[in-house]
Amino acid sequence: MLSTPFGQVSVRDALDILLVAFLVYQGYLLVAGTRAVNVVRGILVFAGVWVAAQLLNLTTLSYLLGRAGTVGIFALIVLFQPELRAALERIGRPRGAGAGASGAALQDLARAMERLAERKTGALIAIERRTPLGEYAATGVGLDALVSVPFLEALFARNAPLHDGGVVVQGSRVVAAGCLFPLQSSDGTYRRYGTRHRAAIGLSELTDAVVLVVSEERGSMRLALGGRLGPDLNGTELREQLRALVYDRVPDLTPPGPAAPQEVR
């Protein structure tokens, strides 16, 4: 037992407090940087008003806030279903590194991106890491081809049947093309970006995939990771980031914060 100004505290009590603090901190990490942060603030204000009403014995206000809180819990579950799904997926994500692409495959990916950017040909490529991308690959045309520059160029060629969809890469192989990726919500940050860029951000929000995107408008190459879109990259920078994120399997490396929105398609 440990004597404190608040009374006797046992080792079990201290452990209980530490575990609760750890869970609260982990909960904060899950919502940090997402639209759920503002909702959490709103909930805290709501709870503060409800507690004040209880202490001041404001019966009617306490009753109304209590009823509203019960309904609000179910409303929040429905409204933030994507965020809750992403949070649970991160909790259950394997901590070990998944099978990464070979150095040769990453070189081919980077070279294909460069060639597509030179021609201002739009492209969207998701590289699987620990989170399986099978459900997104299933929305497109199933393939089983080795990553190569000519193959990727053919997939994204203008007027090609699979040009507008995304490509899923597992290891050193292209497993699907023409895939539909979830769009990033229009919360104002990326609203001026086109569908291709918002799809890259949206998929990176829900998974740990490294998502590459080429702009048709500017011929720029960018990388989305963790719900953030990095700045324009040149060939050397793209190769370095791919090696760090996929080949060397650095789990928590994220690109710099988003640049000012410029893309329109």
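The model is predicted, so to speak of local features we ask for pLDDT of at least 70, and side-chain atom pairs count only at pLDDT 80 or more, while totals for chains, interfaces and linings use all residues. Residues are numbered from 1 along each chain as its sequence is written, and side-chain values use heavy atoms, with hydrogens and water left out.

Start with the largest nonpolar core, which has 31 residues. A nonpolar core here is a set of buried Ala, Val, Leu, Ile, Met, Phe, Trp, Tyr and Cys residues joined through side-chain atoms within 4.5 Å, and buried means under 20% relative accessible area with a 1.4 Å probe, protein chains only. Ile125, Leu152, Val167, Val210 and Leu212 have the most contacts inside this core. Among the elements that each supply at least two residues are helix 7 (149-156), strand 3 (123-127) and helix 9 (235-247). Helix 5 gives the most, with eight residues. (Helices are DSSP runs of H or I, at least four residues, and strands are E runs of at least two, numbered from the N terminus.)

Now zoom in on Leu152: leaving out residues up to four places away in sequence, Leu152 touches Leu109, Ala112, Ile125, Val147, Val167 and Val174, where contact means heavy atoms within 4.5 Å. Another core, of 21 residues, lies apart from the largest one, and includes Leu124 and Phe181.

Finally, the largest cavity is lined by Gly103, Leu106, Gln107, Arg239 and Arg243. On a 1 Å grid over the protein atoms alone, a cavity is a set of points where a 1.4 Å probe fits but cannot get out, and lining residues have an atom within 4 Å of a point. Helix 5 brings three residues, the largest share of this lining.

Methods. Buried < 20%, exposed > 50% of the residue type's maximum accessible area, 1.4 Å probe, protein only. 1 Å grid on protein atoms, 1.4 Å probe; cavity = no way out; pocket = protein on both sides within 12 Å on 5 of 7 lines; lining within 4 Å.
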